[in-house]
Amino acid sequence: MQLTNILGMSSAIIAFSIGSGFATGQEVLQFFTAFGFRGVLGAAALTMLTYILICSMAMEDGKKLQLKNVNTIWIYYCGKYMGSFLKYFVPIFFFAVLILMTAGAGATLNQYYGVPTSYGRGAMLVAIFIANWFGIKKITQLIGGIGYVIIAYTLFIGISTLFTGFSNIPAAEIYLAAHPVRAATSNWAFSGVLYTSFMALGLGPFLAGIGPSCNSDKEARLSGIIGGFVFACCISVMALAILGHIQVAGYVQVPTLELAKTLDPLYAQIFSIILMVGIFNPLTSILWIISNFLVQDEHSTKARIFRVIICICAFFGSVLPFDKLVGYIYSYTGYLGIIIMVMATYTHFFKKEHIHPETGEIIKA
């Protein structure tokens with residue numbers, strides 16, 4: 001068991017999870033901050049428990065199965081019929097997330113630099129296409145390494161602004177009650193579970209893809225546990241930081257960028273770059289997962305042509321408002337995600353006999 005590999009894998013999980021919704025703060029605002037101080041703590045605790053569960057399971061099972069098509073992980077968890085449906089549904093969901101995150105890239109550059117959103121969207125899609133040229137192993141190494149930088153700077157902004165705004169939280173809760181923000185669900189408990197459940201749709205194939213890079217089941221399991229725990233801590237810090245500055249950060253497309261501005265314009269400028277990298281990381285993996293569903297040979301000309309088509313479609317689809325996309329896409333897919341999490345937990349812990357989704361081999365628990 002290698003500590004460096006565990007830290008690299010857990011960092012890749014966090015970097016993948018951060019995405020545009022988290023890094024920009026829009027996701028955190030709608031799923032956590034919207035419910036006030038106690039709601040943030042309660043929802044984050046539920047997210048931590050469920051996130052650790054799904055990450056550790058999928059990493060360990062990905063290591064065991066060594067899948068060629070990572071989307072078949074759903075057949076393993078949910079059976080032939082439900083799994084086959086998910087095998088086709090999840091790439092469609094990923095395409096919706098690709099559109100959402102691309103819109104986040106455009107919103108970030110537009111809010112800070114005032115450039116047209118089309119510039120940010122186009123530049124991001126070109127960047128992820130180039131990264132995909134080198135294959136999944138290089139992608140994992142890239143996002144795992146960059147992940148440390150994203151985590152460190154995002155936490156720096158979150159902790160710094162939480163420190164400056166913590167005393168404002170009681171007044172912020174009063175203001176929030178009078179001026180509610182868009183909330184993903186009707187209560188904090190459901191929001192905490194729903195957050196993990198919609199993330200599970202994307203995490204499953206991604207974790208199944210990087211799980212084989214671990215040297216043992218224990219290493220895979222620990223990577224998932226650490227990644228899930230640290231990510232949930234990041235959520236708590238960022239949600240409370242936004243709450244403490246709700247009047248400034250609660251009603252814009254990119255709340256975290258407004259938090260950085262309260263510290264120093266230079267920090268905001270640096271953070272705008274960090275945000276773009278935070279969006280780039282998961283988008284790179286998402287484009288790979290979609291194209292892997294269509295063509296398993298990632299270096300083939302056919303696969304690269306499909307990636308061009310996907311990027312062009314995402315560019316035109318991402319003209320919709322970023323905050324509305326977060327609310328619609330993540331909330332509704334989360335309901336399906338809850339069913340998937342229950343079935344995956346049953347398969348992993350209680351099912352005595354499994355069938356490999358690609359080889360048909362019977363696997364004993």
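## Buried or exposed?

A residue is called buried under 20% relative accessible area, exposed over 50%, and partly exposed in between (1.4 Å probe, protein chains only). By that rule K64, at 37% relative accessibility, is partly exposed, while D61 is buried at 1%.

This is a predicted model, where local features need pLDDT of at least 70, side-chain atom pairs count only at pLDDT 80 or more, and totals for chains, interfaces and linings use all residues. Residues are numbered from 1 along each chain as its sequence is written, and side-chain values use heavy atoms, leaving out hydrogens and water.

## Salt bridges

Let's look at charged pairs. A salt bridge puts a side-chain nitrogen of Lys or Arg within 4 Å of a carboxyl oxygen of Asp or Glu, and the whole structure has three of them. In one, the closest N and O atoms of K64 and D61 are 3.7 Å apart; both residues sit in helix α3, three residues apart, or about one turn. (Helices are DSSP runs of H or I, at least four residues, numbered from the N terminus.)

E60 pairs with R221 at 3.1 Å, N to O. That pair links distant parts of the chain, with E60 in helix α3 (residues 36-65) and R221 in helix α9 (residues 217-244), 161 residues apart. E60 is buried at 16%, and R221 is partly exposed at 32%.

## A histidine in a loop

H356 is in the loop between β1 (353-355) and β2 (362-364); strands are DSSP runs of E, at least two residues. H356 is buried, at 8%, and its side chain reaches the backbone oxygen of L65 at 2.8 Å.

Terms used: A polar contact is a pair of N or O atoms within 3.5 Å; within protein, one must be able to donate a hydrogen and the other to accept it, and residues adjacent in sequence count only if both atoms are side-chain atoms.
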